[in-house]
Amino acid sequence: MTDLRVRRYEPRDADVVWDLHERALRDVGAFDEEYAHLDADLRRVPEAYLDAGGEFLVGDRVPDGSVVAMGGLQPATAVDHHEHEDGPDAGVVRRMRVDPAHQREGYASAILTELETRAPELGFERLVLDTTPQQMAAMALYESFGYEETHRETTPAGEMVFYEKLLSG
């Protein structure tokens, strides 16, 4: 997996990040135009993630520089419409996406590893996240990283699966 460079989001990534988000969700049948407004944070990554005390990473392939993976980390207190337990020690892992043509190449693991590495530096002692049951590869990834399912909930957009992981000091 030496062909992936993980770096911090830059404003020039705005369109490609949205495109990657939509393509990855469509690939697993989880994109619904009716609920796309709930993804507005991806239209304002600097404010929603970086300025809020979080992080947003993209992974681009070497040598062509095409963005094939992404993921963000927000303080739980800054996330709109979340069902996670609030607290200043909690970070929410969000928008983990990998280009469907490049899945199973270790890119999501690289992004998640880097987010977890940066989390304590940002003041997070635990990480929470949610996904949908149809995103089975995502669920397997999170569980392989030690995230534990806390509950499931039915929302207007469908069933959600919630996870949590305590970070070691």
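Predicted model: local features only at pLDDT ≥ 70, side-chain atom pairs only at ≥ 80, totals over all residues.
**View 1. Tyr 142 and Tyr 147 form an edge-to-face aromatic pair.** The ring centres of Tyr 142 and Tyr 147 are 5.9 Å apart, with 65° between the planes; the pair is edge-to-face because planes over 60 degrees apart are classed in this way. Tyr 142 has a relative accessible area of 5% and is buried. Tyr 147 is likewise buried, at 3% relative accessibility.

**View 2. Tyr 142 and Tyr 163 form a tilted pair.** Here the centres are 6.2 Å apart and the planes stand at 55°, so the pair of Tyr 142 and Tyr 163 is tilted. Tyr 142 belongs to helix H4 (residues 136–144) and Tyr 163 to strand E7 (residues 158–166); the pair therefore ties together parts 21 residues apart in sequence. Both Tyr 142 and Tyr 163 are buried.

**View 3. Tyr 9, Tyr 49 and Phe 56 form a cluster.** These residues are linked by ring pairs.

**View 4. The charged end of Arg 43 sits over the ring of Trp 18.** The distance from the charged end of Arg 43 to the centre of the Trp 18 ring is 4.0 Å.

**View 5. Helix H3 comprises residues 107–118.** The end C-alpha atoms of H3 are 17 Å apart, which agrees with the 16 Å that its twelve residues should span at 1.5 Å a residue. Buried residues in H3 are Tyr 107, Ala 110, Ile 111, Leu 112, Leu 115 and Glu 116. In an α-helix there are 3.6 residues a turn, so residues three or four places apart point the same way.

Key. Residues numbered from 1 in each chain as written. Heavy atoms only, no water. Phe/Tyr/Trp six-rings, centres within 6.5 Å; stacked < 30°, edge-to-face > 60°. Buried < 20%, exposed > 50% of the residue type's maximum accessible area, 1.4 Å probe, protein only. Helix = DSSP H or I, 4+ residues; strand = E, 2+ residues; numbered from the N terminus. Lys NZ or Arg CZ within 6 Å of the ring centre and 35° of its normal. Expected span 1.5 Å × (residues − 1).
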